[in-house]
Amino acid sequence: MSQPPIVLYTANTPNGWPISIHLEELKAAYPTFGGYETQSISINKNVQKEDWFIKLNPNGRIPTIVDQSRNSFSVFETSAIMLYLAQHYDPDFKFWFDPVKDADNYNEMLQWIFFSHGGIGPMQGQASYFEFFAPEDIPYAKNRYINETKRLYNVLEIRLKDRDYLAGPGRGKYSLADLKPYPWVRIHAKVITPTLDEFPNVKAWVQSLDERPASMVGLKVPSN
């Protein structure tokens, strides 16, 4: 049995899930895609800071992939990994847009990826840190990051008016633009807001992505 091309080093976090979901989408869309294997990284034990991992990812974070079919080329940062997988394993542009023939929609997708990469992920991550891990209770910091995350949710709410997805013509097309913020927003109840009722468009968007078979599988990677 041939070795899967992609090795995914990851953990159960909203930074890692976009990659496992993306890989599951590729498996379902392309029968010739060789799949992937998962290496679970115990971030609580700082495995991601060990020398062997730093050689793959100098930033010492998950996720990271190694593409064994391309001279064991390694890629880190969630957004960069998604774009790499699209470039090399999605030739029919099922989950992205042709940067040459469909340049405007491609750029639109990039805008929403970067919006999430630099906004929702960091802000919601900081909210979680000050809620659960900070050595002292700092109400100002908690409120600052919770409110900023809600502001960013509202940006999604505005965008999703009369749309199903964040990028693409008409009502949009499911793409990497959705895949990047989705795992963060779906765990809103942990610290940001108990429900998404104040963001009905976002709520409907999350519910629709929850129902995708690849989401159901990818959100359980790694299994431990």
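Tutor: What follows covers the sheet, a helix residue, the salt bridges and a surface patch.

Student: What kind of model is this, and how are residues numbered?
Tutor: This is a predicted model, in which local features need pLDDT of at least 70 and side-chain atom pairs count only at pLDDT 80 or more, while totals for chains, interfaces and linings use all residues. Residues are numbered from 1 along each chain as its sequence is written, and side-chain values use heavy atoms, with hydrogens and water left out.

Student: What is the strand order in the open sheet?
Tutor: The order is β2-β1-β3-β4, four strands with mixed pairing. Strands here are DSSP runs of E with at least two residues, helices are runs of H or I with at least four, and both are numbered from the N terminus. Two strands pair if DSSP finds at least two bridges between them.

Student: Which strands stand at the edges?
Tutor: β2 (36–40) and β4 (73–76) do; each has a single partner strand, so one side of each is left without a neighbour in the sheet. On average, neighbouring strands of this sheet are turned by 20° against each other, direction ignored. Such axes are lines fitted to C-alpha atoms, for helices over the stretch in contact, and angles run from 0 to 180 degrees between N-to-C directions.

Student: In which sense do β3 and β4 pair?
Tutor: Strand β3 (residues 64–67) pairs with β4 in the antiparallel sense, over four bridges. Asp 67 has Phe 73 in β4 as its bridge partner. Helix α3 (residues 78–89) packs on the sheet and touches β1 (6–10), β3 and β4, its direction making about 135° with that of β4. Contact means heavy atoms within 4.5 Å.

Student: Changing topic: is His 22 buried or exposed?
Tutor: His 22 is buried, at a relative accessible area of 0%. The cut-offs are under 20% for buried and over 50% for exposed, with partly exposed in between (1.4 Å probe, protein chains only). His 22 belongs to helix α1 (residues 17–29). Apart from neighbours within four places in sequence, His 22 is in contact with Met 82, Leu 85, Ala 86, Leu 176 and Leu 179.

Student: How many salt bridges are found in the whole structure?
Tutor: The search finds nine, a salt bridge being a side-chain nitrogen of Lys or Arg within 4 Å of a carboxyl oxygen of Asp or Glu. One of them joins Lys 142 and Glu 131 (4.0 Å, N to O). Lys 142 is in helix α5 (residues 139–159) and Glu 131 in helix α4, so this pair ties together parts 11 residues apart in sequence.

Student: Finally, which residues form the nonpolar patch on the surface?
Tutor: Tyr 129, Phe 132 and Phe 133 form the patch, with about 350 Å² of accessible area together. Patches take residues with over 30% relative accessible area and no salt bridge, joining like charges within 9 Å and nonpolar side chains (Val, Leu, Ile, Met, Phe, Trp, Tyr) within 5 Å. Accessible areas come from the Shrake-Rupley method with a 1.4 Å probe, and for residues only the protein chains shown count as cover. Phe 132 is placed in helix α4 (residues 103–133) and is partly exposed at 47% relative accessibility.
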